[in-house]
Amino acid sequence: MCRVGMFGGTFDPIHAAHLRMAEAFFSQCRLDTLRLIPAGNPYHRDHGPQASAEQRLAMVQLAIADRAGWLADAREVRRQRPAYTVETLEELRAELGPACQLWLLIGGDSLHNLPGWKRWQDILHLANIAVAVRPGFDAAKLPAALQPYWQQVPDFSNSAASGTIRALTLPPVPLSATELRHKLAAGEDCSGLIPAGVLQYIHRHQLYRNTAR
């Protein structure tokens, strides 16, 4: 059985916390392929990304260039309108067929808000959800609508093609893109927080020089 993961995000810029979550996702779900999908025009953001969609895609490509099985997927960058997660999953499911395990990686906060997403129940018909939870996460406090899907099962390998929600055991690094943008704007050293190739790209293209958010 094939196992494919989808990790979408603004990636403005991609950084160490993203990569650590991706590593946990790839290993614990035993994925054959991990698709990192930069959002082209995020509908949920009050402010648009500071880097262009093409620049954010380029940074993802640089960050994962040496990782076998990891792909930078440009489909949402190419889309001419805001992309909804359910639509991207529909495309992936059509490409992969009904038997392939398809996993979506989200954070714990996003999981609590899932019932507010467009066609959220269709998301669970299309994929399983892996949750990068922070310390203190309590599945008992999830919305009632999500409780039937939650499974605390340590072995990800025996899952169905879709329809379950499970936690990753490795919590994310406490690092945000907003924090990094402010550090970059202030000229602070971000070595170790951002992959070296991405940091070189940021400096070469003079990104994040002036940020108020």
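What is the mean pLDDT of the chain, and what percentage of its residues reach 70 or more? Good morning, colleagues. The structure before you is a predicted model. The chain has a mean pLDDT of 89, and 91% of its residues reach 70 or more. Among the elements of the chain, the highest mean pLDDT, 98, belongs to strand β3, residues 70-72. The lowest, 88, belongs to strand β6, residues 165-168.

I turn now to the aromatic rings. A pair of such rings is described by two quantities, the distance of the centres and the angle of the planes. Searching the whole structure gives 4 aromatic pairs, and I shall present two of them.

F7 and F11 are both buried.

Another pair is W120 with Y149. Here the centres are 6.2 Å apart and the planes are at 80 degrees, so this pair too is edge-to-face. Which parts of the chain does the pair link? W120 belongs to helix α6, residues 120-126, whereas Y149 lies in the loop between β5, residues 128-132, and β6. The two residues are 29 residues apart, and the pair thus joins distant parts of the chain. Both W120 and Y149 are buried.

Finally, I come to charges placed over rings. The charged end of R67 sits over the ring of W70, at 4.6 Å from the ring centre. In the case of K118, the charged end sits over the ring of Y84, 4.3 Å from its centre. Thank you for your attention.

Key: Residues are numbered from 1 along each chain as its sequence is written. This is a predicted model: local features need pLDDT of at least 70, side-chain atom pairs count only at pLDDT 80 or more; totals for chains, interfaces and linings use all residues. Side-chain values use heavy atoms; hydrogens and water are left out. pLDDT is the predictor's confidence in each residue, from 0 to 100. Helices (H or I, at least four residues) and strands (E, at least two) are DSSP runs, numbered from the N terminus. Rings of Phe, Tyr and Trp (its six-membered ring) pair if their centres lie within 6.5 Å; planes under 30 degrees apart count as stacked, over 60 as edge-to-face and the rest as tilted. Buried means under 20% relative accessible area, exposed over 50%, partly exposed in between (1.4 Å probe, protein chains only). A charge sits over a ring if NZ of Lys or CZ of Arg is within 6 Å of the ring centre and within 35 degrees of the ring normal.
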